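Here is a short report on one protein chain. Please look over the sequence and the model before reading on.

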Amino acid sequence: MSYPQELLSASPDPRNIHLQSNCESCFGLCCAALPFAVSSDFAIDKNAGQPCPNLRNDFRCGIHTGLRAKGFRGCTVYECFGAGPKVSHITFNGKDWREAPETAALMFEVFPVMRHLHELLCYLTEALLLPAAQPIHSQLYSALEQTERLTLLPADELLKVDVHAHRAEINELLLRTSELAREAARRQLHNTPKRPKVYRGADLIGAKLKKADLRCVSLRGAYLIAADLSGADLRGADLIGADFRDTNLCGADLRGTLFLTQSQLNAAKGDAVTKLPDRFVHPEHWTTV
């Protein structure tokens, strides 16, 4: 397997870090390491460390093109942020768990840790590309370098990383980034609403927010499951950790949103007129007419 050259360097560049899933450069780690249970997202139960029965010998998914139809919607929205390839080809030097079964348990245990770190790298990368965050760019870059160094630790050392403490430290920087970026957006967008902080982590499950003006609002960690945001204006909103499962984004405007991920969009419903930042794509299951 070939491996993205940009991850072979220990010197992170916010424009060059490979932070997206690349199944062709992974040993099927999300399909083997992680557990799931019968639900609207998964058709079967699977224990952690148990390879999914759909995982082929070449580490590809045997039903990849029909995951949603066969009851594996959860697989279509999962994002490892490049952690799988990193563990497969950097941490374990390209030695896969089938050819070297003695590595399996450790590899599967390391993968979730790496996934947390790569998610943080993704957010730090975005923060560094925001002009409004210039006052704290040096702190953000230091955090990026520190996090990248952690991802390059040997497997046994990775398991000793206190991910929750590290995430808490970085979260303070991301909160400050959000404040700076949303304030800059308010100056550019006229008559933006002043919303209370209850939107952060708020229970908005099934909320009726059709055509709502949510510009520059913090929706960090908000539960928006099955909420109606059709036609809503989300420009400049902070969406880090927001739960978009079955959220109606048809006709919504998400341009200029902060910390949005493709995984969130994959979990939502939308259409051809949903406006997205340039770096994202409309999921295949979204309506096109």
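With which residue does arginine 279 form a salt bridge? The partner is glutamate 126, and the closest N and O atoms of the pair are 3.4 Å apart. The model is predicted.

Domain 1 brings 18 residues to the contact, and domain 2 brings 21 residues.

About 1,500 Å² is buried between domain 1 and domain 2. Carbon and sulfur atoms give 56% of that area. On the side of domain 1, the residues that lose the most area to domain 2 are Tyr123, Glu126 and Arg182. Together they account for 37% of what that side buries. Glu126 is also the salt-bridge partner of arginine 279.

## Polar links across the interface

How many salt bridges cross the interface of domain 1 and domain 2? The rule finds two. Polar contacts between the domains come to nine residue pairs, counting those with both residues at pLDDT 80 or more.

Aspartate 246 pairs with arginine 73 in a salt bridge. Their closest N and O atoms lie 2.8 Å apart. In the structure as a whole there are 18 salt bridges.

## Helices on the domain 1 side

Nine residue pairs are in polar contact between the domains. Which helices supply at least two residues each to the side of domain 1 that touches domain 2? They are α2 (73-77), α4 (104-128) and α7 (163-188). Helix α7 gives the largest share of this side, seven residues. By residue class, the side of domain 1 that touches domain 2 has eight nonpolar, four polar and six charged residues.

## Aromatic pairs

Six aromatic pairs turn up in a search of the whole structure. One of them joins phenylalanine 27 and phenylalanine 59. The geometry is tilted: 5.4 Å centre to centre, with 45° between the planes.

This pair links distant parts of the chain. Phenylalanine 27 lies in the segment before α1 (29-33). Phenylalanine 59 lies in the loop between α1 and α2. The two residues are 32 residues apart.

Methods: Residues numbered from 1 in each chain as written. Predicted model: local features only at pLDDT ≥ 70, side-chain atom pairs only at ≥ 80, totals over all residues. Heavy atoms only, no water. Contact = heavy atoms within 4.5 Å. Buried area = accessible area lost by both parts, 1.4 Å probe. Salt bridge = Lys/Arg side-chain N within 4 Å of Asp/Glu carboxyl O. Polar contact = N/O pair within 3.5 Å; in protein donor to acceptor, adjacent residues only side chain to side chain. Helix = DSSP H or I, 4+ residues; strand = E, 2+ residues; numbered from the N terminus. Nonpolar A, V, L, I, M, F, W, Y, C, P; charged D, E, K, R; others polar. Phe/Tyr/Trp six-rings, centres within 6.5 Å; stacked < 30°, edge-to-face > 60°.
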